[in-house]
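Subject: Structure handover and notes

Hello,

The structure is placed below for your own work. My notes on it follow.

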Amino acid sequence: MNKFTCVNDLSNLDDALKLAFELKKDPYKYQTLGKNKTMLLVFFNSSLRTRLSTQKAALNLGMNVIVFDINAGGWKLETEMGVIMDGNKPEHIREAVPVIGKYCDIIGVRSFAGLKNREDDYSEKILQQFVDYAGVPVVSLENATRHPLQSFADLITIEEYKTKKRPKVVLSWAPHPKALPQAVPNSFVEWMRKTDYDFVVTNPEGYDLSPSFMGDVKIERDQMKAFKNADFIYAKNWASYSEYGKILSQDKSWTISDRQMAVTNHAKFMHCLPVRRNMIVTDSVIDGPDSLVIQEAGNRLFSAQTALKLILDQLK
Ligand code: CP
């Protein structure tokens with residue numbers, strides 16, 4: 001694998017899942033694979049799980065790791081081509097990216113959607129410049145439209161906890177005080193579509209995700225109906241795609257509570273974290289016995305380690 005930016009970068013998802021479980025059983029099995037190789041993680045935005053799990057994954061494979069918070073110590077980057085750089089951005093991404101690539105063997109990059117211009121966000125302007133100009137393999141640490149390391153960890157978690165071959169998995173929109181990107185739900189949909197799970201998305205009017213991600217996935221407007229007999233509830237907020245970046249609702253009746261969980265098949269509760277308690281989910285659900293949020297975050301280590309192992313195999 002020469003990059004990891006979406007599920008389609010994996011040549012075989014079943015094999016990747018097998019490798020993830022192999023690494024979970026024995027995290028140090030390939031501890032010399034990354035000897036004398038360096039992973040450089042570039043963050044344009046904050047992170048807890050991605051930052052720590054990806055570092056740990058690289059360390060487990062014997063790599064050196066450099067973490068670069070580009071907005072706290074780096075030059076402010078110009079990302080537009082053809083501009084006269086007479087403003088407050090002294091360095092262009094066109095030089096910065098290949099220079100960063102000179103100091104490492106794999107680059108990870110996190111850059112969120114701006115939520116102002118849909119075309120800009122959905123063209124993955126920043127990520128694409130890393131892919132095009134880094135000169136080394138690039139791993140998405142969440143970009144404008146996808147979060148593949150999260151979705152892979154979500155899939156590992158569902159595979160680990162499912163009690164039937166074809167579980168019912170529901171992605172539910174839930175309210176949030178701020179406008180959030182669609183990267184996590186887009187990506188979750190993209191990965192679920194690679195499975196044969198019974199998969200349903202439930203969201204209010206105005207919150208349908210991009211048709212390019214949704215394809216023929218069923219949207220159920222009635223959240224209670226969607227939750228009926230579900231085995232996994234995956235909660236997430238996202239801002240509107242059609243009225244791009246806008247908050248159209250903060251309806252608390254969509255907050256995941258015991259009321260909705262009662263109609264499920266003792267469903268497991270999932271969320272990528274960080275989560276706003278009593279906005280997205282009530283304390284009783286997230287603290288309850290069916291909550292998998294910590295296990296899910298734990299699996300971020302193995303999604304990252306799998307992706308890095310597959311890239312290192314190509315670099316040998
Ligand atoms: N879920 C996730 O990516 O968490 P962080 O933003 O803390 O990395």
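Is L115 buried or exposed? L115 is buried, with a relative accessible area of 13%, where the cut-off for buried is under 20%. Please keep in mind throughout that this is a predicted model.

Backbone geometry

L115 sits in the loop that runs between β6 (106-110) and α4 (118-122). Although L115 is not a glycine, its phi is positive, at about 60°. Most residues other than glycine have a negative phi, and most peptide bonds are trans.

N229 also has a positive phi without being a glycine; the value is about 65°. N229 belongs to the loop between α9 (223-227) and β11 (232-236). With a relative accessibility of 48%, N229 counts as partly exposed.

There is a cis peptide bond between L273 and P274, with omega about 0°. P274 is in the loop between β12 (268-270) and α11 (283-286).

The ligand site

The following polar distances involve the ligand:

- R110: an N or O atom of its side chain is 2.8 Å from an oxygen atom of the ligand.
- H147: a polar side-chain atom lies 2.8 Å from an oxygen atom of the ligand.
- Q150: a polar side-chain atom lies 3.0 Å from a nitrogen atom of the ligand.

On its own the ligand has 260 Å² of accessible area, and the protein covers 93% of that.

S47 is buried, at a relative accessible area of 18%. Its side chain reaches the backbone nitrogen of T50 at 3.3 Å. A polar atom of the S47 side chain also lies 2.9 Å from the backbone nitrogen of R51.

Helix α6

Helix α6 covers residues 148-161, which is 14 residues. From first C-alpha to last, α6 reaches 20 Å, close to the 20 Å expected at 1.5 Å a residue. Eleven of its 14 residues are buried, so α6 is largely enclosed by the rest of the structure. The buried residues include P148, L149, F152 and L155. Q150 is another of the buried residues of α6, and has the polar side-chain atom at 3.0 Å from a ligand nitrogen.

E142 is in the loop between β7 (138-140) and α6. At 9% relative accessibility, E142 counts as buried. E142 and F112 are 30 residues apart in sequence, while their C-alpha atoms are 6.8 Å apart in space.

Regards

Technical notes
Residues numbered from 1 in each chain as written. Predicted model: local features only at pLDDT ≥ 70, side-chain atom pairs only at ≥ 80, totals over all residues. Heavy atoms only, no water. Polar contact = N/O pair within 3.5 Å; in protein donor to acceptor, adjacent residues only side chain to side chain. Areas by Shrake-Rupley, 256 points an atom, 1.4 Å probe, with all protein chains shown as cover. Helix = DSSP H or I, 4+ residues; strand = E, 2+ residues; numbered from the N terminus. Expected span 1.5 Å × (residues − 1). Buried < 20%, exposed > 50% of the residue type's maximum accessible area, 1.4 Å probe, protein only.
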